[in-house]
Amino acid sequence: MSLSSALSIARSGLTVAAQQTDIVSRNMANSGTEGVTRKWANLSTEVTGGVTVTSVERSVDTLLQRLDRENMSKLAQQSTVSDGLSAYTSFLGQPDDQISPAAKLSDLQNSLVLLSTLPSEESTQIQVVTAAKAMASQLNDLSGTIGDINAEVERNIRYDVSSANEVLEEIAALNQKILRTEDGSMTEAGYLDELDQKLDEMSSFMDIQTVTSNDGTINLYTGAGTELVIGNTAKTVSYDPVAGTLSAGSVDITPNGDGRGVMQGSLSGLFELRDEQLPQLSAQLDALAAGLVSTMQDANPFGTGGTGLFTDAGNVFDPASVEGLAGRISVNAEVDNTAGGSPSLLQSGGDPATPLGDSSYITAMLDGFNDSLTVDLAGLGDSLTLAELAPALVSQQQSLRATAEAATQTTQSAGETIAASRSNFEGVNIDDELQKLLVIEQSYAANARVLTSINQMLDTLIQSF
C-alpha cells in the first residue's frame with residue numbers, strides 16, 4: 001500500500017468519524033424531543049479501501065407505528081364521546097342527588113302527598129307549585145345543556161376539519177421537500193420525522209392508513225381507503241352542516257354512514273355525539289316531560305283548555321309534538337302564585353262546585369305517578385310508570401357515561417403500552433449513544449495515529465534527501 005493510499009484511507013476514516021459524531025450528538029441533544037427518532041449511519045468500503053457514509057437510517061417500526069396510530073384514533077373517538085356525555089351528566093346528577101330529575105320528581109310527589117292531607121291549605125298548595133316549577137326548570141336546564149353541547153360539537157367539527165386540512169397540506173408539503181432532498185441524507189431523515197409527527201396528528205382526527213412510495217414519500221388514505229394525500233397533492237376535507245355530511249374531495253366520508261365513512265378519531269366521536277348520543281338523551285328528557293304533562297293533565301285538567309299543572313309552553317299536550325318538549329315544559333301560569341295565578345286550582349280542579357277540602361283531584365294526580373305511561377319512552381323501558389321513569393332516565397344516562405369512560409380508560413391503558421414500546425424502539429438511550437461515542441473515538445484515534453505515522457514517514461523521507 002502506498003503512503004498516498006494510506007493517507008486517503010485515514011482521511012476518509014476521520015471524515016466518517018466526524019459524521020458519526022454529529023449524528024450521535026444530535027441523537028443525544030434530541031433525546032427528550034417528541035417525535036424525533038434515533039438515527040445512525042450506514043457505512044460502506046470503497047474500492048480504494050476507504051470508508052464512506054452511504055445513508056442515514058432512522059429507528060422506526062412500521063407495525064408499532066400503525067398500532068399506535070390506530071389506538072390514537074380509537075382513543076380520540078372514545079374520549080370525545082366520553083367528554084361530551086360527562087359534560088351533560090355533570091348537570092344531570094345521580095338518582096339520589098337533589099339536582100337530578102329523579103329527586104325533583106320525588107319532591108313533587110311528596111308535596112302532593114302532603115297536600116292530599118291538607119287540600120285547602122294555601123301554603124301547601126304553593127309548595128306543590130314550587131316543586132312543579134323546580135321540576136320543569138330542571139328539564140329546561142338539561143335540555144338547554146344538551147343544546148349547548150350540541151352547539152359546541154358543531155364548532156368542534158368545523159375546528160377539526162380546518163385543523164385536519166392544515167395537517168394534510170403540511171404532509172403534502174413534506175412529501176415535496178423529501179422529493180427534493182438527497183436520498184439517505186440527514187436532512188431527509190429530519191423531514192421523515194416531521195412527516196411521522198404529522199401522521200400521528202392526523203390520526204387523532206380520523207383513522208388513516210399509509211402507503212410508502214419508492215421515493216420516500218407517502219400516500220395517505222382514510223381507514224376505508226379514500227384518498228387524502230397523493231404525493232404533493234392534498235384533498236380538501238369539507239363539512240356540510242346543513243346536510244350533516246363530511247367529504248374528502250368529492251367522496252363522502254361521513255362517520256357512521258354508509259360506504260367509506262371514517263370510523264374513528266375525534267371527528268367520528270363528534271358525529272356520534274351529534275347524530276346518536278345527544279338526540280337519544282334529548283328524546284329521553286322529552287319522554288319524561290311528556291309523561292309529566294300528559295299524566296297531570298289527565299288527572300286534573302284545570303285551566304284554559306284543560307292544560308293541567310304542566311303545559312307545553314302554555315298549550316295542551318300534543319302527542320305529535322313531543323320533540324323538544326323538555327325545553328318547553330312549564331308550570332301553568334293559572335296556578336302559579338308568582339304569576340298572578342291561583343294555587344287553589346290544584347284542589348278544586350277549576351270546578352267551583354268542588355267542595356272545600358275535597359282531595360279527589362289531588363289523589364288522582366298522585367295515582368297518576370303509578371299508572372303505566374302511554375308515551376314513547378325513548379328506549380328507557382317497555383312499560384314504566386311516571387314514578388319509575390325519572391330514576392330510570394338518570395340511571396341509564398349515567399350508565400351510558402360510565403360505560404364510555406370505562407371504554408376510554410381501557411383503550412388508554414392499552415395504548416400506553418403500545419406507545420411505550422414505540423417510544424423505546426424509536427427513542428434515544430443516552431447510555432447506548434455514549435458507548436457509540438467511545439467506539440467512534442477509538443476509530444478516530446486509530447485513523448489519527450495512521451496520519452501521524454504517515455507524517456513521520458514523510459518527514460523521514462524528506463530528511464533523507
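How do α2 and α10 run relative to each other, roughly parallel or roughly antiparallel? This is a predicted model, where local features need pLDDT of at least 70, side-chain atom pairs count only at pLDDT 80 or more, and totals for chains, interfaces and linings use all residues. Residues are numbered from 1 along each chain as its sequence is written, and side-chain values use heavy atoms, leaving out hydrogens and water.

**View 1. Helix α2 (residues 62–92) with α10.** The two axes (lines fitted to C-alpha atoms over the stretch in contact, with angles from 0 to 180 degrees between N-to-C directions) come within 8 Å and cross at roughly 155°. So α2 and α10 are roughly antiparallel (angles over 145 degrees). Their contact (heavy atoms within 4.5 Å) has 16 nonpolar, 14 polar and seven charged residues.

**View 2. Helix α6 (residues 266–299) with α10 (residues 386–426).** Here the axes come within 10 Å and cross at roughly 170°, which makes α6 roughly antiparallel to α10. The contact splits into 11 nonpolar, six polar and no charged residues. Among those meeting up are L281 and L285 in α6 and L389 and L393 in α10.

**View 3. An open sheet with the order β3-β4-β5-β6.** Its four strands have antiparallel pairing (pairing takes at least two DSSP bridges; strands are E runs of at least two residues, and helices H or I runs of at least four). β3 (208–212) and β6 (233–234) stand at the edges with a single partner strand each, so one side of each lacks a neighbour in the sheet. β3 pairs with β4 (residues 218–222) over five bridges, and V211 has N219 in β4 as its bridge partner.

How values were computed: Angles under 35 degrees count as roughly parallel, over 145 as roughly antiparallel, 65 to 115 as roughly perpendicular and the rest as oblique. Ala, Val, Leu, Ile, Met, Phe, Trp, Tyr, Cys and Pro count as nonpolar, Asp, Glu, Lys and Arg as charged, and the others, Gly among them, as polar.
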